Amino acid sequence: MRRISDDQQAIEFVISLIYERAHIRLQPCKESLIRARLGKRQRALALPTLVDYCNYLETGNDEQELTHAVDALTTNFTHFLREEDHFRFLAERAIPDMTGGTRQPIRVWSAACATGEEPYSIAFYLEESFPSISGWDWRVLATDISTKALGKATQGVYAGDRIEAIPNAWLRKYFKRGFGDADGYYQVKSQIRERINFRQQNLLGQLTIQDKFQVIFCRNVMIYFDRETQEKLVRQLCRFLVPGGYLLTGHSESLTGLSVPLRCLRPSYYQLA
Ligand SMILES: C[S@@+](CC[C@H](N)C(=O)[O-])C[C@H]1O[C@@H](n2cnc3c(N)ncnc32)[C@H](O)[C@@H]1O
């Protein structure tokens with residue numbers, strides 16, 4: 001146990017805490033996000049500074065507060081091309097296998113889409129491999145429980161530091177740069193936004209979805225649910241997969257031990273059995 005004595009050490013402490021507990025790599029440039037999210041917890045405990053709050057977490061033996069801190073930082077956490085191997089798998093393996101090279105409709109569901117970075121990443125990969133101009137009919141359903149997150153997702157507007165992971169060629173091809181008041185912001189072009197259907201959907205409620213999907217992304221949301229709830233949810237999701245369809249989970253989410261009709265291809269990659 002160590003004493004945290006300044007702001008830099010506090011930020012380093014938070015970064016390592018969030019990596020240990022949620023496998024999320026926060027960059028030091030996320031200092032303002034860290035301060036904003038943990039500020040609420042700090043005030044709830046009447047601790048004057050972030051350094052005091054981090055020392056409390058480090059020495060306070062308060063598991064519940066550690067959970068609050070992780071929740072505050074991870075609830076809507078997402079970024080473009082997060083766990084990018086999943087998008088490569090989608091475009092290079094899953095869809096080609098399932099369509100067998102024929103131009104049948106491609107349907108993908110991003111089941112906890114947060115502020116949109118995941119469905120847009122899916123869309124960029126699909127458009128690269130199955131261009132609409134060549135007649136491919138691909139669409140993405142993007143759902144989340146949070147209407148606030150969905151509002152941002154639908155607009156598709158991101159500050160410059162949120163799009164750092166996007167290669168320059170894709171930035172030019174898929175984003176419009178803001179001017180004037182919107183300087184420093186980028187909006188996903190309408191031809192991509194139009195192909196994504198954003199809708200509110202509580203994954204633990206009744207799923208009112210009509211389509212079936214070749215691939216479902218349900219990533220970094222099941223960690224919040226207990227095993228029984230995870231099993232129920234995964235069984236529900238399977239009903240929305242076409243035969244042989246794929247379910248992709250977050251890299252730190254395992255379905256091992258759940259009684260579900262899926263076979264594990266490798267950790268976080270599952271296929272309807
Ligand atoms: C950490 S984000 C994950 C975003 C994205 N899937 C990713 O991996 O980057 C978790 C998202 O799950 C959503 N969520 C939490 N509980 C949910 C529920 N019961 N139904 C639908 N979405 C939920 C949250 O609103 C949040 O946007």
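Two strands count as paired if DSSP finds at least two bridges between them. Strands (E, at least two residues) and helices (H or I, at least four) are DSSP runs, numbered from the N terminus. Everything below comes from a predicted model, where local features need pLDDT of at least 70 and side-chain atom pairs count only at pLDDT 80 or more, while totals for chains, interfaces and linings use all residues. Residue numbers start from 1 along each chain, following the sequence as written.

**View 1**
Strand S2 (residues 138-144) and S6 run parallel here, joined by five bridges. Look for alanine 142: its opposite number in S6 is phenylalanine 198. The whole sheet is open, has mixed pairing and reads S6-S2-S1-S7-S8-S10-S9. Strand S6 (196-200) and strand S9 (262-266) sit at the edges with a single partner strand each, so one side of each has no neighbour in the sheet. From one strand to the next, the twist averages 20°, with axes being lines fitted to C-alpha atoms (for helices, over the stretch in contact) and angles running from 0 to 180 degrees between N-to-C directions.

**View 1. Helix H5 lying on that sheet.**
Helix H5 (residues 85-99) packs on the sheet and touches strand S1 (106-110), strand S7 (213-218), strand S8 (241-249) and strand S10 (269-272). "Contact" means that the C-beta atoms of two residues, placed from the backbone, lie within 7 Å. The direction of H5 makes about 160° with that of S7.

On one side, S7 and S8 pair in parallel over five bridges, with cysteine 218 opposite threonine 249 in S8. To get from S7 to S8, the chain goes through helix H10 (residues 227-238), and this β-α-β crossover is right-handed: with the strands pointing away from the viewer, the path from the first strand over the helix to the second runs clockwise. S8 also pairs with S10, but antiparallel, over three bridges. There, leucine 248 faces tyrosine 269 in S10.

**View 2. The three-stranded sheet.**
This open sheet has the order S3-S5-S4 and antiparallel pairing. Strand S3 (157-159) and strand S4 (175-177) are the edges, each with a single partner strand, so one side of each lacks a neighbour in the sheet. Neighbouring strands are turned by 30° against each other on average, direction ignored. Three bridges link S3 to strand S5 (residues 185-188), and alanine 159 stands opposite tyrosine 185 in S5.
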